[in-house]
Structure formats: C-alpha cells, structure tokens
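User: I'm new to protein models, and I'd like to learn what the describing words stand for. Could you take me through them with this one?

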Amino acid sequence: MASITSNSTPAASIPRRRNGLNPACEPCRKSKVRCDNTPTTVVCSRCRKRQTPSQCIFLEAPMTGQSSRAPRNRSHPHPEVLNPIAIITPTTTRSPRNLARQSLKAPNSGFFGSTSFSAALNQATNGLLGTQDDIDEDPQVVSARLLLGVKVLKLLPSRIVGTMLVENYATNFGEVGFPKAIVKETFNSFWSTYGSHLNESRSNRQLERLSQELNTNTRCSINQDGNSSQWKASFTGLNTRWESVGIIFCAFAFGVAALSERDPLFNPESGVKSTRKEYLSTMKKCVELCIQLCQQMQSLNTLLCNLLYKNLLLETVIHGDSSISVWRLHHDLTAVATAMGLHCYQGTPEITMQSEMTKRLSASCFCSDKEISMFTGRPPAMSRRYYSCPLPYDVSDEALMAGGGTLVHELDRLDVHGWNQDGLMHNSTICRMMVHGAVIQDEIMELFIGSQNEFSMERINALRVKIVEVYSHVPSILEVTKESLMAQESDCLMWRLLFGRLDYIRIHFLLERLATERGGESKKNLLEVAKEIVDLVVFLWLQRDRSINRHYDYDYIIMCYGMPSTGILCTQLLKQTQYPEQFDPSVKLSRSEVVQNLSLMVGFLEWIRPSAGNYRLCQRMAKAIKKVLDQVFEPTIEIESVTGGEADSDIMQADESWIDELNDWDWLNSIDWSRGQHMDFLQ
C-alpha cells in the first residue's frame, strides 16, 4: 500500500513545556520515556511501534486529565493496526538535497532498555538530551576532520578502476545482508554527483569542499520512515555521507580480494602501482578512516553498523580470524549493534526495504558473534537469551526493492513460518538459516564453556531434534551430496548448498562431541559426521575452479570446518593403529579412506597462498597432519603391552617428544590448533 497519512491538529495548538521542549504523549509520559513527537508528525515512533496510534494524545494538564488535542482517529484505528503486514511501495521521485537536512541531529546516545536511567527519569533526561544541540565544536577539530576527509578522497581510485572493482565485488562477494544493487547505485550516484571533484588532478580546494559537504551530510539523520527510494536518497547523490563512502571502499576492497596477485591491475604500468596485498590494505585503511570520521561526528545508524560489519570481514581476510584485532573489532560491532537496539529491533512494523535490511543486519551481527566465538572458543558477546529480533521474510531482493504487487505476491506464497515454498535460496533464506543455526550454536557454546552443571543428555537430544526440525524448512540442505553438488549448473547455488550443508552437519558434529565426551556415548556417530565434513571440505578444494574468485575465503573454511573434524579423525586413526586389538569394529575407521582424505587436506592447507590471513595457521596444521601420518606409517615409539610398563623414558625424550608421555592422543580433539605447548614442535 502507499504511504499512510492522517489528519492532525496544527502544531501551534500544542503548548510547549516550561523548559521549552515539546510535551510527551500520555503513553510516553506514564512510561517516563522521551517522546519524539514533533509538530509535523502524527504519531510518535513508540506508539507507532506498539501499534497504539489512538492512544497518542496530549494533555494540557496531565494531572487533571484535560486534553489539549483530541485523540487522533479514535473511532478509526490506524491502518497499520488493521493490517499487520503493511507494505510501503517505493516511488521513483528524486529527493532534493534538503530531504535529509531538515535539521542537524543531536549526538545520538542510542537505544536504552527498560532498566536504563531514562526509564526512571523523565523530565531530567529530556532536559539533558535537549541541551546537546547547543554544544559547539572546537574549530581545530573541525579543521582536522576536514583534512582527514581530503586524505580519504585522494585515495579513491579512478572511475574506470572503481567500476571494475565494484563489478568484481558484485559478482564474487557472498554478501546476504546488504543488497549489492544498492552498493552499485551508491557508487554510481556518488560519481555522477561529485565526479567533477574527482578528476585526475583532484585539487585540494575541490576535495576540501567535498569533504565539508560529506561532513555536513554525516551529521544529518537518515530517513528511516519513508519508502525505499526516500531511504536511499537520504545517503546517496547530494546526500552522500561518510558511511556511504566507506561502503564504497568496502566494495573496492572485496573486489581487490577476489583478484589474483597476477591480475593486470597490479602491473607496474597500471595506475594502481602497488601489489594486491598493498592495495587491499590501502582500501581497508580508507574504510577505517571513514569509520573514524563517522564516530567523530557521533553517527549511529544502520549504515555505520553495516560498515563496521564489512570492516570486520575485511580484517579476517587480511589478518586472520584468530588475530586480536578481529576480536576487538568484533566487540566494537557488537557494542554498536546493541546500542542501536538491533538485538530487539526498534524499526517499523511495515515491510519496507529498510526494515528488512535492518533485520538482515541484525542477523549478520548475531551470527558473526557465534562464528568468532566458536572459532576462538571464547564466550559470545550476544546471548540468544537477549536476542528477539524477528527474522527477515524469505523473499527475493528483487521483490523487496520493487515493492507493491511483486512483494505482495511473494509474501502470499510463504508458509506459516515465513519460508518460501519454491525451494529457492534467496539471500533472506541464508539469513534465516544462519539465525536458527546461531541460536543453537549459542546453546552449544553454553554447554562447552559454561557451567558443567548445566549439561544433560536431555538437552543434547532436544537440540538434535530441533536442528533437524529447523532445516526441514529448507529440504535441499538435508539432501545435499557431492553428486548433487556437482550436478548444479549454477556455481553460486552449488556454493550456497555446500555451506548450508556444512553449517548443518557442523552443529551435529558439536552435539556428537558433547554426547561422546560428556555423555559417554559411542563415537560411531561422531566419526561419521567428522568424515562427511572432511569429505566436503576436500571436495570444495577439488572443485576450486568453480569458485576461483572466492579463494580468499578458503583459509577460513578449512580452519573453521576442516580442522576440528580432522583432529577427531587423526585421534581415532592413531589409536586404532597403535591398539588395534582394543577397538570395536563398529567404530573402526577405514584406514585407506581416512589417509587419502588427510593427504588431500595437507595439499589443501599447503595450497593456501601467503597473502591469506590464516596462512601461518594453515602451514602449521599441514605440518601437524604430516606428523600424524608419519606416526601411522612409520611409528618411532614402541608401545609396550598393556601388562607391561611405561614406554622407555629415553625414547619419550627423542624427536617425537611432542607426543603426550602416556601416548594419549585425545589432546587432538580439543586443543587450540593455533597455539599451545603441543604445537611447539612446529616452530
């Protein structure tokens, strides 16, 4: 439906409070929270979100109950209340420069929950927030910010190179949270609007003007209440801001990451005049400077959060997932996401481009938290217990951007749980699967590193049932095999199905580890799951020609999915080699099959290029697996019989001293493969 409007009393009829601020509506006043109603709005955002527009009234004397404005349309409920799924259709009107410049916003303190100081303080809080507009900035700070912006603008590549990199990003980067079409539109509108400032000469005076323009725009609010065209217009074209420039630089960086070191762009004769690694680092530095500029102007919006998320991904590509810099940036992202209230969604109930993008951004932040937590074995920063953001609807990006009847048609075809019934793998489908998996991963992490008293096999069995139930809505994931993947004509679909399957069986792998190590169950299921994961990871490497521009992700894939399962198989293979008479035939591995896959895994690890962030980890893991294979085929330690004694102490101090003195290989199951005393032999 089109944008909804209704009649309201003129602003002049609403008397201001003694401190000069606008009054609060009755629900906000009674809840002791700030009301954002202005003379130009019909219903405050809080009443709109709660779907109670008829209660958004103002009393001249609140304690006596005298109303200065009659309830709006009390006899006719607000259309949003009548229709729980309201759709705002985008228009093609061009927004003028002043659309996002109705007023410069005050410093944004972010979302405050029900236990915050503002929940108990009403007038005092409103007064404090109202005085922030009068704070003047230090001229030296403004001047430094201007020069910092000029520095960033000087590093923008030419339009020809930029267009090539953005196209490369759009073709090869597997982003699901922010439509690539909007990124391309942001880039094109930026060059169309400011291209005259960005010619080859790029004089400082022109760049200073542009930097000042971007600074002014960044201090303005982004339109979150209009249709998708108005939303995009508030950060593109004449309203381009530093968040927009940062997102463009992210596209450049991922475009560079997808290129080979031998790409013509990095030839000495090219305009870039640097290596792939150097140019990627330069683009990453520009992203960080854009974030710095936004933070100096106290920007807090979904664009900035998106920029922080992309910057985190770039950090993992360049410096590896185990680096402390990734951990710090991850917590910066989490801090901004929760400060914006993304964990509990504060947006509009209508289905709009911006509302769905907000939900996808929330999903990306929540799932990223679980991935990094699982990779490092550290506690997650966003608990599922405090995460209540609704899932995005399982519709295509094209329908979401088109709106109107196209979007209504796709929404009508969803099942009662919000999944599409056509077996399609939209970006939103991936987001929904990620969130469901992340919720279960959060509980699994609780069982692994939380209180031991919380463990029970009942919880493990309940999670086993839950994960199958969740993925039953995407049956194609449950039916994935190597043969079905090879039969896929679309490389993109093959990639998505493969990683959907890896995520699914990785959860089973973690549950089986808990059931085996804590619950005392047989290792049979654990070994079967571990073999499938290793098999799929090796399959990905063997099919690497089908994802040649995604090789920058391979070091993460092998470390995240391949290494834990490889450790389990190495442990079992060594034990059954040294103690064959003690093994139950039902859990005995096929030595030939496992050795072949481990050998291929070594080849995969050694194939990772030196520019990869996890390169050193991969090299160390390759050496570790080689040592295991050496012990299988050419054991150097003689183990006495069970009735005998301990192994000879002189032998235990030989070159193979990295083996536990009791010859217990269980350490391979649970050690941190990236560091620790067991890895000293690799130095």
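Analyst: Happy to! Let's begin with a definition: a crossing of two helices is left-handed if the near helix is turned anticlockwise from the far one by less than a right angle, and right-handed if clockwise. Helices (H or I, at least four residues) and strands (E, at least two) are DSSP runs, numbered from the N terminus. This is a predicted model, where local features need pLDDT of at least 70 and side-chain atom pairs count only at pLDDT 80 or more, while totals for chains, interfaces and linings use all residues. Residues are numbered from 1 along each chain as its sequence is written, and side-chain values use heavy atoms, leaving out hydrogens and water.

User: How many helices and strands does the protein chain have?

Analyst: The protein chain comes to 28 helices and two strands.

User: Which hand does the crossing of helix 22 and helix 24 have?

Analyst: That crossing is left-handed. Two packed helices are described by the angle between their axes and the distance between the axes. The axes are lines fitted to C-alpha atoms, for helices over the stretch in contact, and angles run from 0 to 180 degrees between N-to-C directions. For helix 22 (residues 491-517) and helix 24 (residues 554-578), the angle is about 35 degrees and the axes are 12 Å apart.

User: What makes up the contact of helix 22 with helix 24, by class?

Analyst: Contact means heavy atoms within 4.5 Å. Helix 22 brings Trp495, Phe499, Leu502, Asp503, Arg506 and Phe509, which meet Tyr554, Ile557, Cys560, Tyr561, Pro564, Ser565 and Ile568 in helix 24. By class, there are 10 nonpolar, one polar and two charged residues. Here Ala, Val, Leu, Ile, Met, Phe, Trp, Tyr, Cys and Pro count as nonpolar, Asp, Glu, Lys and Arg as charged, and the others, Gly among them, as polar.

User: Why is Cys560 called buried?

Analyst: Buried means under 20% relative accessible area, exposed over 50%, and partly exposed in between (1.4 Å probe, protein chains only). Cys560 has a relative accessible area of 10%, so Cys560 is buried. Across the protein chain, 52% of the 683 residues count as buried.

User: Why are helix 25 and helix 26 called roughly antiparallel?

Analyst: Angles under 35 degrees count as roughly parallel, over 145 as roughly antiparallel, 65 to 115 as roughly perpendicular and the rest as oblique. Helix 25 (residues 591-607) and helix 26 (residues 615-633) pack at about 150 degrees, with axes 9 Å apart. The two helices are therefore roughly antiparallel to each other. Helix 25 also passes helix 26 in a left-handed crossing. By class, the contact of helix 25 with helix 26 has 12 nonpolar, two polar and three charged residues.

User: How do you know that Cys28 is in no disulfide?

Analyst: A disulfide is a covalent bond between the sulfur atoms of two cysteines. The test asks for a pair of cysteine sulfur atoms within 2.5 Å. A search of the whole structure finds zero disulfides. For Cys28, the nearest cysteine sulfur, that of Cys25, is 3.5 Å away, and Cys28 is in no disulfide. At 1% relative accessibility, Cys28 also counts as buried.

User: Is Arg145 buried or exposed?

Analyst: With 3% relative accessibility, Arg145 counts as buried. Arg145 lies in helix 6 (residues 139-154). Arg145 and Gln212 are 67 residues apart along the chain, and their C-alpha atoms are separated by 8.9 Å.

User: What makes Glu208 partly exposed?

Analyst: Glu208 has a relative accessible area of 31%, so it is partly exposed. Glu208 is found in helix 9 (residues 204-218). Setting aside its neighbours within four places in sequence, Glu208 is in contact with Leu146, Leu147 and Val150. Glu208 and Leu146 are 62 residues apart in sequence, yet 6.5 Å apart in space, C-alpha to C-alpha.

User: Why is Ala381 called partly exposed?

Analyst: Its relative accessible area is 35%, so Ala381 is partly exposed. Ala381 lies in the loop between helix 15 (353-376) and helix 16 (397-402). Not counting residues up to four places away in sequence, Ala381 touches His330, His331, Thr334 and Asp369.

User: And what makes Gln298 partly exposed?

Analyst: The value for Gln298 is 42% relative accessible area, so Gln298 is partly exposed. Gln298 lies in the loop between helix 12 (276-296) and helix 13 (302-319). Its phi is near 55 degrees, a positive value in a residue other than glycine.
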